[in-house]
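Dear colleague,

I am passing on the structure below, together with some notes on what came out of going through it. Please read the notes alongside the sequence and the coordinates.

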Amino acid sequence: MSVAKLSPVVRIKADSDFLRGTIVQGLADDATGALADDDTQLTKFHGIYQQDDRDLRLERQQQRLEPAYQFMVRVRVPGGRCSAAQWLMMDDIVRRFGNGSIRLTTRQAFQLHGVIKPRLRPVLQHINDELMDTIAACGDVNRNVMCSPLPETSAVHRQVFALASELSDALTPATRAYSQIWLDGRKLADGDETDEAHRDKEPIYGATYLPRKFKIGFAIPPRNDVDVFSQDLAFVAVIEQGELAGFNVTAGGGMGMTHGDPETYPRLADTIGFCRPEQVLAVATAIVTIQRDFGDRSDRKHARFKYTIADRGLDWLSAELQQRLGFALAEARPVTFTHTGDRFGWQQTDDGLWHLTLFVENGRIADSEAGQPLTGLREIIRQIEPELRLTPNQNLILSEIPPEKKAAVDELTGRYGLDRYRRASPLRLNSMACVGLPTCGLAMAESERYLPDFIDRLDGLMQQHRLEQQAVTLRMTGCPNGCARPYISEIGLVGKAPGRYNLYVGGSAGGQRLSQQVLDNADEAEILATLNQWLAQYSAEKNPDESFGDFALRAIVLQKAVVPPENEADAS
Amino acid sequence: MLQALKSDNSPFTEQQLQRLRDGMTGINAVQAAWLSGYLAGQALAQPSPADTPANGPAAASQSMPRAAVLYASQTGNGETIARQLQSALQAGNVAVNLASVADYSAKRLKNLDWAVFVISTHGEGDPPDDAVSFFSALQRQKEGALAGLNYAILALGDSSYAEFCAAGQQLESHLERLGASAFSARVDCDIDYEQPAEEWSERISKRLSEELKPADMAAKPPLAPTLSIVSREGATPWTRQNPYAAEVLQVQRITGRGSDKDVRHIELSLEDSGIQYQPGDALAVWAPNDPALIDAVLQKAGLDGSENVRIKDRQLSLAKALGERLELTRLALPQLDKLLASAPELATRLRLADADTAAKQAFIQRHQVIDLLQEGHGFNDAQSFADWLRPVTPRSYSIASSQAWAEDEVHLTVVLEQHMVDTSPRLGLASDYLTGRVAEGDRVKVFLEPNPRFRLPDDGSTPLIFIGAGTGVAPYRAFLQELEERGDSPNTWLFFGNPHFQTDFLYQQDWLRYRREGLLNHITVAFSRDQAEKIYLQHRVREQADRLFEWLESGAVIYLCGSHAMGRAVEDELQAVIAAKRPGPASDYWSELVQTKRIRRDLY
């Protein structure tokens with residue numbers, strides 16, 4: 001491939017000296033709140049997105065001020081587990097350096113929004129001081145490794161989580177640029193192994209890293225909360241006689257697409273085999289390097305692993321993998337997924353400890369006139385000191401609580417209005433929205449700020465059709481890149497323009513099937529009118545235990561002659 | 001008006017004089033003064049061949065006059081008075097030199113018998129910038145050096161500032177120490193200077209006419225070489241007395257949401273006015289008082305506004321006088337004293353009964369006329385109220401555009417002056433008018449105030465350091481536009497200070513664009529309130545000492561624009577930088593910078 005055909009980002013990476021660029025000079029320039037354009041590509045690898053407050057864009061242009069530049073900082077939380085101390089650090093820095101809110105993401109990470117340039121270093125130093133980091137939270141590398149946060153069998157979970165954590169470490173970029181730029185040359189507090197001899201070699205990634213982002217998840221059936229079929233690579237735990245036998249390996253999932261570009265599409269992962277726990281690291285590393293070597297570096301819209309597989313085929317992948325591993329994957333074993341959502345409320349695990357899953361609407365935790373969840377969580381976590389688990393559905397689990405503290409937790413969640421999980425409709429409890437406006441640079445329509453109002457209206461229709469107890473997964477994104485995984489939900493809304501969305505229906509409750517687009521560029525009235533008609537039909541005609549997604553596929557998508565799903569994933 | 005002129009003491013025939021007298025009927029003193037300057041300018045611009053022999057050898061053979069009218073003027077008012085005085089003297093065949101003290105060596109004073117000074121005070125009791133070296137030269141002269149010099153001083157000032165007419169007083173004490181004697185008592189004028197200045201001019205003119213008998217009545221009055229209206233930029237019919245009504249094209253807030261400051265970028269149309277301005281000039285604005293404020297004042301004063309009052313020679317209703325003629329937003333010490341003397345209970349209420357001057361000064365800085373009025377204890381009559389009030393003055397703004405770039409527009413950068421008295425806001429007159437009371441399409445009365453001291457150097461390669469805080473950054477926008485239009489690209493460096501980066505970085509987009517395009521080499525900012533400790537421009541000057549000194553050594557000109565406090569602090573730090581970098585007394589290096597006009601100030 002000639003150099004001229006490479007995407008510009010490839011050049012930026014190659015010239016960056018292992019992700020340094022001119023970030024340090026940009027941080028020192030106090031006449032602008034922004035970094036140099038090329039550096040904004042590199043900071044993603046450090047977990048930092050340059051954004052601006054889009055609500056103020058026009059106004060500030062008229063005021064002859066530059067856009068209100070600010071940064072989103074994404075904190076890696078492998079498997080979604082964090083300690084009370086880490087939470088309290090996050091709580092502290094969002095109030096001191098951010099916009100006063102903690103955002104839980106769809107990949108079990110933390111996001112701080114509204115961090116201005118001079119505060120980036122202090123923020124990153126606090127995060128690293130509490131043994132968390134932001135490196136590779138974004139960028140063309142392996143992102144935060146996801147893991148089902150609360151399987152009912154805690155022993156298996158510990159094993160799976162340990163593997164997820166180990167894999168996260170193994171795939172962390174080795175460059176010292178991160179600590180040099182942000183931590184004043186300090187080594188990462190978690191024991192960066194880099195020494196002079198290995199200085200700025202990237203044994204796994206190389207100097208230009210991956211062609212595109214790479215996402216890995218670990219699921220423990222019957223839960224598919226990590227949406228394994230949306231991941232570039234996933235490990236599905238196979239439990240036999242209560243023991244972890246190994247993992248089915250899935251590859252080539254991905255949500256992102258571009259409006260109007262048929263060459264781009266969401267794709268479900270394929271199951272490519274089975275490996276034993278001790279083979280996980282080798283399998284993952286081999287897959288990552290295959291994508292490194294074969295992924296498309298000329299067109300970033302065609303650079304995800306899903307296109308590599310779609311273009312070359314599964315047989316090629318198996319052969320390539322076998323060559324790199326020196327062994328072939330075993331045949332996948334049967335597993336069953338039943339749902340993607342979280343189970344709210346108290347659950348006890350086999351170690352006798354209790355876990356409380358709280359509903360966090362769209363993952364946003366901020367104090368307002370409506371309530372004080374940020375303050376409430378601070379109080380609870382100070383008093384009770386639970387472990388915390390961030391769920392793939394942007395919710396929060398107060399974890400490992402001894403039985404004698406349950407009552408105190410209930411009292412506090414009630415006092416601070418953190419007990420919405422008791423009251424909210426199943427529709428709301430199974431909803432997700434990406435961040436969208438005003439901070440995300442990609443957003444074309446409202447998402448997080450609008451979904452609660454949309455659900456108010458849709459809840460009304462659900463009641464009208466006596467469906468208020470029916471769980472339906474509903475996901476909204478402000479653009480087609482799919483952060484909230486709308487293409488595998490039962491109802492998906494994908495932003496196209498202010499107030500306008502494409503409507504998708506027909507995904508399965510377990511996340512094994514893509515949904516289909518049924519409305520294009522529709523406004524709220526049209527969407528609600530359409531859903532109203534279908535909910536009426538669903539209420540009247542559904543089979544016993546038939547989910548809305550399954551009904552929609554049967555009665556709406558297929559009857560409307562919408563192109564049926566190309567593949568239905570089977571985890572086995 | 002031209003009765004004194006005859007065919008034998010003027011260059012005109014009787015017939016011409018009669019026509020001129022007819023033509024001048026109804027022309028007031030101000031218009032006449034303007035006309036004299038205008039005609040002189042026309043004559044100089046198109047020299048008539050007939051003038052040359054008359055002013056040639058005869059003028060050159062005359063001995064230098066032993067009298068001079070010297071002025072130190074900030075806004076041009078002092079210069080105008082000085083010119084009028086000289087014109088009047090010349091009309092009586094009394095030869096006097098006219099010069100700005102900036103161009104006049106203090107050593108030459110000893111060659112004079114008569115020196116007449118028109119000295120304005122600006123800022124906090126300082127002489128105008130270009131008079132500073134004249135003052136310090138006087139200070140260095142030996143006692144008694146000017147024995148034999150007769151002087152008179154007209155001091156101009158504004159009693160709403162702390163050190164009223166201090167420069168005039170300072171000059172007098174220098175002259176006294178040097179043994180000179182006053183031939184006419186010093187007169188201190190407040191902002192309503194026209195009448196006292198006219199009376200003073202008449203006295204001086206009369207006295208000098210008596211003392212300096214024209215050497216040769218037959219000789220033509222020499223044309224003073226410095227009399228050259230055309231050298232004053234922006235000469236158009238539009239003056240303080242006859243302002244141009246400029247259409248408002250845009251009023252745009254340029255501080256971001258959440259800022260404590262309301263700063264507006266204002267674009268006015270000069271259309272066909274003929275006003276030509278240079279970067280560095282100021283535009284003065286006549287602003288009417290806020291009708292709501294007038295109503296409130298009338299109510300508190302116990303008057304209804306329909307009363308007839310006489311202001312100077314005009315009869316008009318009090319309400320109208322308050323609208324356009326009288327000052328309501330600035331107080332002056334004499335005005336306060338006068339009221340306190342007549343109303344002791346007011347002094348008690350305002351806690352000013354035992355206040356010293358400094359305390360009263362602090363009080364008038366934070367209060368307005370309305371704060372001195374008490375319901376039920378109003379003025380007895382409208383006339384005494386009007387007499388107690390001071391005449392309103394125009395407000396000046398450094399122009400934020402280059403005409404080469406903005407063509408028939410002029411841009412201003414205006415911050416709303418406001419402070420709270422109890423729970424009520426007290427707003428600045430013109431800043432409230434421009435930021436809040438005018439709408440696009442309205443017309444605003446303006447006139448140009450040239451500021452030749454604050455110009456770009458002629459040499460387009462001179463390195464330039466622009467230091468400005470708040471709206472003090474306005475003229476630098478004009479400078480950079482001008483450089484861009486001229487195609488000059490000297491090394492340039494902008495220092496800017498304000499409270500907050502996010503909301504108060506005035507014209508940030510412009511500066512960043514100039515930096516991207518290479519016209520602006522460095523931007524150094526000080527945002528005082530973005531961190532726990534306050535950081536001001538002087539701190540940045542200290543941090544940048546090495547580079548600053550390098551630039552100075554390479555011939556850079558430093559511009560300072562903004563408040564006096566900022567200017568002082570930055571200058572102190574600059575002097576410290578020089579002291580640290582250079583052996584020998586820093587003051588010499590500094591004085592040279594000032595004298596060679598490499599420090600240029602526009603402070604207010």
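A:L131 is partly exposed, because 15 other C-beta atoms lie within 10 Å; here a residue is called buried if 20 or more other C-beta atoms lie within 10 Å of its own, exposed if 12 or fewer, and partly exposed in between, with C-beta atoms placed from the backbone. Please bear in mind that this is a predicted model, in which local features need pLDDT of at least 70 and side-chain atom pairs count only at pLDDT 80 or more, while totals for chains, interfaces and linings use all residues. Residues are numbered from 1 along each chain as its sequence is written, and chains are lettered from A and ligands numbered from 1 in the order in which they are written.

Most residues other than glycine have a negative phi, and most peptide bonds are trans. A:L131, although it is not a glycine, has a positive phi of about 65 degrees, and its place is the loop between α6 (120-129) and β6 (146-147) of chain A; helices (H or I, at least four residues) and strands (E, at least two) are DSSP runs, numbered from the N terminus. A:Q394, likewise not a glycine, has a positive phi of about 65 degrees and lies in the loop between β14 (387-390) and β15 (396-401) of chain A. A:Q394 counts as buried because it has 26 C-beta neighbours inside 10 Å.

Chain A also contains cis peptide bonds. One joins A:P221 and A:P222, with omega about 10 degrees, and A:P222 belongs to the loop between β7 (216-219) and β8 (233-240) of chain A. Another joins A:L437 and A:P438, with omega about 5 degrees, and A:P438 is found in the loop between β16 (431-433) and α15 (451-464) of chain A.

**Chain A as a whole**

Chain A has 17 helices and 20 strands, and its C-alpha trace spans about 70 × 55 × 55 Å along the principal axes. Its radius of gyration is 23 Å, which agrees with the value near 25 Å that a compact globule of 572 residues would have; the radius is taken over C-alpha atoms, and the globule rule is 2.2 Å times the number of residues to the power 0.38. Of the 572 residues, 52% count as buried. Among contacts between residues at least 6 apart in sequence, 68% join residues at least 24 apart, where two residues are in contact if their C-beta atoms, placed from the backbone, lie within 7 Å.

An open sheet of 5 strands in chain A has the order β1-β2-β5-β4-β13, with antiparallel pairing; two strands pair if DSSP finds at least two bridges between them. Its edge strands are β1 (48-52) and β13 (364-366) of chain A, each of which pairs on one side only. Strand β4 (residues 101-104) of chain A is joined to β13(A) by 3 bridges, and the two run antiparallel; within this pair, A:I102 has A:I365 as its bridge partner.

**Chain B and its contact with chain A**

The contact takes 17 residues from chain B and 11 residues from chain A. On the side of chain B that touches chain A, the elements that give two or more residues are β7 (244-253), α20 (508-517) and β19 (522-527) of chain B. Of these, α20(B) gives the most, with 5 residues. The residues of that side divide into 7 nonpolar, 7 polar and 3 charged, with Ala, Val, Leu, Ile, Met, Phe, Trp, Tyr, Cys and Pro counted as nonpolar, Asp, Glu, Lys and Arg as charged, and the others, Gly among them, as polar.

Helix α18 (residues 474-486) of chain B has 13 residues and reaches 19 Å from its first C-alpha to its last, close to the expected 18 Å, the expectation being 1.5 Å times one less than the number of residues. Of its 13 residues, 10 are buried, among them B:Y476, B:F479 and B:L483. After α18(B) comes B:G487, whose phi is positive, near 80 degrees.

Strands β14 (residues 418-421) and β15 (residues 424-427) of chain B run antiparallel and are joined by 4 bridges, and B:H419 has B:R426 as its bridge partner. β14(B) and β15(B) form a hairpin with 2 residues between them, and B:D422 in the turn has a positive phi of about 55 degrees.

With best regards
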